[in-house]
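Biologist: I would like to go through this model with you. Please keep to what can be computed from it.

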Amino acid sequence: MLDISELTVRYGKLTALDQVDIRVAGGEAVFVVGPNGAGKSTLLKTISGLLRPASGGIGFEGSDIAGVAPEKLCQRGLALVPEGRHIFRTLTVEENLLVGMMIRRDKAAAKQDLERILQTFPILRDRFRGVAGNLSGGEQQQLAIARALLQRPRLLMIDEPSLGLAPLVIDQVYASLKDLNAAGLTLLVVEQSTARVLDLATRVYVLRSGKVVLSDSAEALATGNAMEEAYFGYAGRESA
Ligand SMILES: Nc1ncnc2c1ncn2[C@@H]1O[C@H](COP(=O)(O)OP(=O)(O)OP(=O)(O)O)[C@@H](O)[C@H]1O
Ligand SMILES: [Mg+2]
């Protein structure tokens, strides 16, 4: 579904992504984990068309989308839940969700989707007429995901869904993501924390200083410390 090859992205002289290769097949839940400044947000922004790559290819369902405008990509089924959620705090939950429905031409189907999404996130139905700024962090994260789902994405990308949330709330958000993935939605999630990744991931990439330093199946990473070692870049690996 998504085929990123030798992707390089720069901010002026700084190389934020350096020859990155990442693939996501339909139905997968792929995670990209990495410390602060690794280039995770840059990756998702570039796939979404918000940044232009210096070089490399981004294939999405068979065509190269590098440099295509974000609105076009949205229509083609790419949705991004950005870092920090970016909900409209002064609007109600309902109004925030209507924004997600704006790109839909099939209004009747969009309404049905809304109904289904409110079943996945019942708290949003409870708070439907409330101002989004009054939601808790976890509820805001659910709202941001719900809004993205209303675009009926084929690939949903989420930038740090667990950021700033209490452990119990992370459990809830991850459980919803697991349900969505089980129902067939393809996910590309970036996280700074590796704590919950293996609960949901089918495959994991570790990104450090703009480079992929490890990629493996979640199954293989479940035993041993390979993920943590790659994440922290233990010097022991170099001398081994
Ligand atoms: N707009 C920008 N202009 C210049 N440099 C930037 C810009 N955005 C990010 N960078 C730099 O690019 C590198 C990658 O940043 P990015 O935000 O992609 O990292 P990240 O993995 O998402 O980090 P975090 O976990 O803190 O969100 C960092 O060195 C960062 O300082
Ligand atoms: Mg980031």
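Biologist: Of the 13 residues around ligand 1, which come nearest?

Modeller: This is a predicted model, in which local features need pLDDT of at least 70 and side-chain atom pairs count only at pLDDT 80 or more, while totals for chains, interfaces and linings use all residues. Residues are numbered from 1 along each chain as its sequence is written, and chains are lettered from A and ligands numbered from 1 in the order in which they are written. A residue is near a molecule if its C-beta atom, placed from the backbone, lies within 6 Å of it. Of the 13 residues around ligand 1, those that come nearest are Y11, A16, K40, S41 and T42.

Biologist: Which element supplies the largest share of the shell around ligand 1?

Modeller: Helices (H or I, at least four residues) and strands (E, at least two) are DSSP runs, numbered from the N terminus. Strand 2 (14-24) and helix 1 (40-47) each supply at least two residues of that shell. The largest share, 3 residues, comes from helix 1.

Biologist: How many residues of the shell around ligand 1 are charged?

Modeller: Ala, Val, Leu, Ile, Met, Phe, Trp, Tyr, Cys and Pro count as nonpolar, Asp, Glu, Lys and Arg as charged, and the others, Gly among them, as polar. The shell has 4 nonpolar and 7 polar residues, and the charged ones number 2.

Biologist: Is T46 buried or exposed?

Modeller: A residue is buried if 20 or more other C-beta atoms lie within 10 Å of its own, exposed if 12 or fewer, and partly exposed in between, with C-beta atoms placed from the backbone. T46 belongs to helix 1, and T46 touches L7, V9, L51 and P53, not counting residues up to four places away in sequence; contact here means C-beta atoms, placed from the backbone, within 7 Å. Because T46 has 25 other C-beta atoms within 10 Å, T46 is buried.

Biologist: What separates the centres of domain 1 and domain 2?

Modeller: The protein is divided into domain 1 (2-77 + 154-239) and domain 2 (84-152), with bounds from an automatic or database domain assignment. Between the two, 12 residues of domain 1 are in contact with 10 residues of domain 2. Taken over C-alpha atoms, the centres are separated by 24 Å.

Biologist: Which element gives the largest share of the side of domain 1 that touches domain 2?

Modeller: Two or more residues of that side come from each of helix 2 (70-75), strand 7 (155-159) and helix 7 (167-182). By class, the side has 7 nonpolar, 4 polar and 1 charged residues. The largest share, 5 residues, comes from helix 7.

Biologist: Where does the largest nonpolar core lie?

Modeller: A nonpolar core is a set of buried Ala, Val, Leu, Ile, Met, Phe, Trp, Tyr and Cys residues joined through C-beta atoms within 7 Å. The largest has 64 residues, and A146, M157 and V204 have the most contacts inside it. Helix 6 (residues 137-149) gives the most to this core, with 6 residues. Both domains give residues to this core, so it lies between domain 1 and domain 2.

Biologist: Within what arc do the buried residues of helix 3 fall?

Modeller: In helix 3 (residues 93-101), the buried residues are V93, N96, L97 and G100. They pack against helix 4 (107-120), helix 5 (122-126) and helix 6. The arc is that of the directions from the helix axis to the C-beta atoms. The buried residues line one face of helix 3, because seen down its axis they fall within an arc of 95°.
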